Amino acid sequence: MGKKILIIDDDPNIVTYLEDIFQDAGYATCKASDGADALAVVKAEKPDLITLDLEMPKEWGPRFYRELSQDDECSNIPVIVISGLSGNKYAIQKAVASFTKPFDREDLLKVIKETIG
């Protein structure tokens, strides 16, 4: 496995789907089911890229992103928003890209390849 992608989403079906897409494309994966747990996973796993849902039960995606961007170790990790919310591209302005569920897997993989190889 090459580069590692952290999947942050509270929907286990989406997590499994993304794991399958990423692993089939040669990426390693790790996951967090909520923004509250995700920062610890980031520090332990040191992913090359993060996919982030916005609406999660304990901690909302933008709050996690704010914490991530304030941490010197983690602030340069690129983030791709994948959310069911309309207008999600405005939630995290510095995100590499924003996708609305359902999304096109080829478009997502293209952005990932352009971002981390």
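The model I am reading is predicted.

**Helix pair**

I looked up α2 (residues 35-45) against α3 (residues 61-69). Their packing angle is about 30°, and the axes lie 9 Å apart. That angle is under the cut-off of 35 degrees, so α2 and α3 are roughly parallel to each other. I noted the handedness too: the crossing of α2 past α3 is right-handed.

Next I listed who touches whom. From α2 come G35, A38, L39 and V42; from α3 come F64, E67 and L68. Sorted by class, this contact holds five nonpolar residues, one polar and one charged.

**Strand β1**

I turned to β1, residues 4-8. Is this strand mostly covered or mostly open? It is mostly covered, with four of its five residues buried. I then checked its pairing with β2 (residues 28-32). The two strands run parallel and are joined by five bridges.

Most residues other than glycine have a negative phi, and most peptide bonds are trans. I looked for exceptions.

K46 is one of them: its phi is positive, about 50°, and it is not a glycine. I placed K46 in the loop between α2 and β3 (49-52). Its relative accessible area is 52%. Exposed means over 50%, so K46 counts as exposed.

Which peptide bond is cis? I found the one joining K101 and P102, with omega about -10°. P102 sits in the loop that runs between β5 (97-100) and α4 (105-116).

Technical notes:
Residues numbered from 1 in each chain as written. Predicted model: local features only at pLDDT ≥ 70, side-chain atom pairs only at ≥ 80, totals over all residues. Heavy atoms only, no water. Axes fitted to C-alpha atoms, helices over the stretch in contact; angles between N-to-C directions. Parallel < 35°, antiparallel > 145°, perpendicular 65-115°, else oblique. Left-handed = near helix turned anticlockwise from the far one by under 90°. Contact = heavy atoms within 4.5 Å. Nonpolar A, V, L, I, M, F, W, Y, C, P; charged D, E, K, R; others polar. Buried < 20%, exposed > 50% of the residue type's maximum accessible area, 1.4 Å probe, protein only. Pairing = 2+ DSSP bridges.
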